[in-house]
Amino acid sequence: MAEKERVGEVIEASTTTLTAQCYELYEIPPLGSLVKTGDSSAELYAIVYNAATTSLEPGRRPIARGKDETSEEAIYRSSPQLAKLLRSEFGAVVVGHKEGDRLYHHLPPQPARIHSFVYQCPPAEVREFGQSFDFLNILLNAGLPVPAEELVSAALRQMSRAHKDPRAFLVAAGKELAILLSGNLNQLKAILGRIKQ
Amino acid sequence: MSLDLTKVAAQVGNMVARLKASDEERRRRLQTALDTLNDKSLDLEGLKKKIESSQTTWLVAGLTDGLSPRYKAPPLPPEFSILATDGSHIDVDRHQSTRCYLINIGAVVLDYGANPRAFLDSFPSLYFGDEELVIAPDGAKGRAQPIEGALLGIKRGVDECRRLAELAKELPKDSSSLALLDGSLILWGLAGQSYPEFVTEALLIKGFLRYLEEIRRLNADRRLALASYISFPRSSDVVNALRVARCPHEIIDTDQLCGECASRECEAVAGVQDRELFANTLEEGERSALFSSQSKIVKDHYGGHWVHFFYLRVDGEIARVEIPQWAAQDESLLDLTHSLVLDQCRRGQGYPVALAEAHEQAVVTGADRESFWQLVESLLIGEHLPTPTSAKSFSKRTRWV
């Protein structure tokens, strides 16, 4: 298994979602990617649904600085403190958990702990998690500020990349969605349009 | 009940009307001051001696390279670092159950050049021991002075300088750097009050000046300038030098002779501030001539760190930059100070960015103060220690009708 890539640390957590701060500015896991947190006794899986880069302090808004600079990089070079005063964070919706060796595609009994590390899941783990499509139901009903069709399609696209045959994975997911969204053909069409290769 | 602004408005109106009426007179005085500053016929050597011998109640700038020279900013070195510290504190609160104070020092190191880097951190220290709460004389003579109020403010300034010296020790050899403090290098708090000599000894001689000396010594294997920055200064040292220049008498003694003076030539520039003077002479980025402080505390104690200063025009504002004598007499350090202070201001929208960030690191808000005392109280309760607070403090926290 590839070395786990640590991407951040939990700074807010509830049963359904968690917010993590990235260790490096702009090093945010992609929208829809699978991340995990917790220790070996209880691991918690989540899918990135939102990300933001803001000032570290709410009262200090960034100002435009590049009028006399030639590139964006030059702005950061001439004001090295910026990287310390801005922060990137992302929100992830909890889609499952693992207790010992057993993987569950439903919400865990406890939310994540503050300051627990967040890792990007390596491809093998993504494939293991993607064996069941039960998480799609959570994503469709999560009621997040991001449209469900955007989030579901982003998650499926990300997951398909961990598979040898991405198309077969997406076709299987499409069939599952056809059942879940039999009463909402508009949404089904929107998602299928976004995962079509 | 908050302040009733409708009752204040009429009084503010009166104040503005008074200012408007005196505006014409102020402009006349400023013009006279400018004429004197640029008067080529002035005997500068004579004026320098006259300033040194004069006895005045007002502060007069000592001259080093004349009155009117101005200097363009030298080029920046390709790689340099800026160090800055600033502080904030929570004072002893006599309404609280515990006697203690907290000093929070914000520290910043900014590296510019090929490998830009930033270090921002804060260092809070809690002082609670009996020996930390007072400055006591060495022998039995004199009463120990409690460190609170104004004295705590001075101690904080000393701690800012100590942290700056510690940061400076980490600088690589052969580097070019500027260490920045906010405000004045002159510990005015000690000058104004009549503190016993052992307080000056503890805070100034064994404190502030010792750390300035540590910074000076680091120049053995690197270029390290030191400066303090005063935004929107209200000083009039240079204008007072012009007063001396205008005085027709050979000897000036404000206590003995000025009362009998009939001409009062010097009054023609009174009330003008140095800032107004240099706003009319300096171009963007230029600095004024170098002056030296003639304040008593500097003369008595500062020695090789004798405070010198110049004015700098940046972004339309006139700032006062104070430097110790060793940095003033070394042309390369003086140039480094001029170019780096200016560069810092330009990067920071008119105020040195390192100082602004050090302040942000140091700042203790009203909410922080409240949380701090709550933390103290909760830990005391956890240990079953008594936490009596005053009725006054309770009434401020719990308001009722």
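Hi everyone, here is a short tour of chain B and of the place where chain A touches it.

A word on the source: this is a predicted model, where local features need pLDDT of at least 70, side-chain atom pairs count only at pLDDT 80 or more, and totals for chains, interfaces and linings use all residues. Residues are numbered from 1 along each chain as its sequence is written, with chains lettered from A and ligands numbered from 1 in the order in which they are written.

Let's begin with chain B. Its secondary structure comes to 14 helices and 11 strands; helices (H or I, at least four residues) and strands (E, at least two) are DSSP runs, numbered from the N terminus. With a radius of gyration of 24 Å, close to the 21 Å from the globule rule for 401 residues, chain B is as compact as a globular protein of that length. That radius is taken over C-alpha atoms, and the rule is 2.2 Å times the number of residues to the power 0.38. Along the principal axes, the C-alpha atoms of chain B fill a box of roughly 80 × 60 × 50 Å.

How much of chain B is buried? The figure is 35% of the 401 residues, where buried means 20 or more other C-beta atoms within 10 Å of a residue's own, with C-beta atoms placed from the backbone. Now look at helix 4 of chain B: 14 of its 20 residues are buried, so this helix is largely enclosed by the rest of the structure.

Finally, the meeting point. Seven residues of chain A are in contact with nine of chain B, contact meaning C-beta atoms, placed from the backbone, within 7 Å. On the chain A side, helix 1 (72–78) and helix 2 (82–85) are the elements giving two or more residues.

Conventions. Contact = placed C-beta atoms within 7 Å. Buried ≥ 20, exposed ≤ 12 C-beta atoms within 10 Å, placed from the backbone.
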